[in-house]
Amino acid sequence: MKRRAFDGVLVVATILGLTFLLLPLVAIFLRVPVGEFLAQLHSDVAIDALLVTLETNAIAQGLIVLVGTPCAYLLATRRFRGRALAITLVELPLVLPPAVAGLALLAAFGRLGLLGGTFDTLGVTVSFTKTAVILAVAYVASPFYVRGAIAAFEALDQPLLDASRTLGAGPGRTFFRVALPLASQGLVAAAALSVARGLGEFGATIMFAGSFQGVTQTLSLAIYAQFDLDFDVAISLGAVLVVVCAAILLTVKLVPAWTRSSSTSVFPFAPSRSS
């Protein structure tokens, strides 16, 4: 096949693929006029769903970053027996059907689950509460952050980390003052993907937390609930998620240059030349 003909095939395939991906999204925005779209967003259902989504995702993402960052650093910088198994466990929720993830959470933390008796003794209810939404989001979204963070830490220049220890920095200071600044761009990208996944979470949440307006009903669940009740509201909520997720992805692509720390800025503990 001649080069020109082959290039034509590539162009046609690309146009078809992009059209297929873009057309449904365009249809969402063409379905409801802008004025009606804005009006639907002021409905009680939309406001409640937006507040629940923002609150639960903010807490879940905070927990993901807090726990996932040191976990990813350990898996990226240490070689030990069982490391491959640990990484596989991190990645497993990526391929699990969301409904299975929800059932697993219910079997573990539900009232009749593995830890249900312990929670009952403590007077704590997890399933079908806002806590369940947070756990569901954290379960399905955390692999996106941890896997990306592992890649970010693995890409670090090991001699820089070794140099920090040579200059007297301990492991903790090396982590906070060298590894985190150098890996920040990759960590931001991983966090953005995790946020996008958490915002769109549906299956695990509805299985483990239910869909109660103002309590556990997130934007995704509200879309499902409004599908038969008011299709225009469902479309408007869907448009919100499209805009938010697109903005997150664009932010990842346009991460400012300041996240790329220079080698001089990551060694504040290094002695000056005059000393």
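S236 lies in helix α12, which covers residues 231–253. This is a predicted model. The chain holds twelve helices and zero strands. The chain is divided into domain 1 (1–31) and domain 2 (43–258).

**S236 and its surroundings**

- S236 has a relative accessible area of 1%. S236 therefore counts as buried, since the limit for that class is under 20%.
- A polar atom of the S236 side chain lies 2.9 Å from the backbone oxygen of D232.
- Leaving out residues up to four places away in sequence, S236 touches V32, F37, Q40 and L41.

- The centres of domain 1 and domain 2, taken over C-alpha atoms, are separated by 32 Å.
- Four residues from domain 1 and six residues from domain 2 make up the contact.
- The size of an interface is often given as the accessible area lost when the parts come together.
- For domain 1 and domain 2, the area buried between them is about 470 Å². Carbon and sulfur atoms carry 82% of it.
- On the domain 1 side, I28, F29 and R31 lose the most area to domain 2. Together they give 90% of what that side buries.
- One salt bridge is counted between domain 1 and domain 2.
- R31 forms a salt bridge with D232, and their closest N and O atoms are 3.4 Å apart.
- The side of domain 1 that touches domain 2 has three nonpolar residues, no polar ones and one charged residue.

**Salt bridges between helices**

- How many salt bridges are there in total? The count comes to five.
- E55 and K130 form one of them, with the closest N and O atoms 3.2 Å apart. This pair links distant parts of the chain. E55 sits in helix α3 (residues 44–77) and K130 in helix α7 (residues 130–154), 75 residues apart.
- E55 is partly exposed, with a relative accessible area of 37%. K130 is partly exposed too, at 26%.
- E154 and R83 meet through their side chains in a salt bridge of 2.9 Å, N to O. This pair also links distant parts of the chain. E154 is in helix α7 and R83 is in helix α4 (residues 83–95), 71 residues apart.
- Is R83 buried or exposed? R83 is buried, because its relative accessible area is 14% and the limit for buried is under 20%. E154 counts as partly exposed, at 39% relative accessibility.
- The side chains of E91 and R147 meet in a salt bridge of 2.4 Å, N to O. E91 belongs to helix α4 and R147 to helix α7, 56 residues apart, so this is another link between distant parts of the chain.
- E91 is partly exposed at 28% relative accessible area. R147 is partly exposed at 29%.

**L161 in helix α8**

- L161 is placed in helix α8, residues 158–166.
- L161 is buried, with a relative accessible area of 1%.
- Which residues does L161 contact, leaving aside its neighbours within four places in sequence? They are Y73, L156, T174, V178 and A179.
- L161 and G117 are 44 residues apart in sequence. In space they are 46 Å apart, C-alpha to C-alpha.

**The chain as a whole**

- The C-alpha trace spans about 70 × 70 × 40 Å along its principal axes.
- The chain has 275 residues, and 35% of them count as buried.
- Residues 24 or more positions apart account for 75% of them.

Conventions: Residues numbered from 1 in each chain as written. Predicted model: local features only at pLDDT ≥ 70, side-chain atom pairs only at ≥ 80, totals over all residues. Heavy atoms only, no water. Domains from an automatic or database assignment. Contact = heavy atoms within 4.5 Å. Buried area = accessible area lost by both parts, 1.4 Å probe. Salt bridge = Lys/Arg side-chain N within 4 Å of Asp/Glu carboxyl O. Nonpolar A, V, L, I, M, F, W, Y, C, P; charged D, E, K, R; others polar. Helix = DSSP H or I, 4+ residues; strand = E, 2+ residues; numbered from the N terminus. Buried < 20%, exposed > 50% of the residue type's maximum accessible area, 1.4 Å probe, protein only. Polar contact = N/O pair within 3.5 Å; in protein donor to acceptor, adjacent residues only side chain to side chain.
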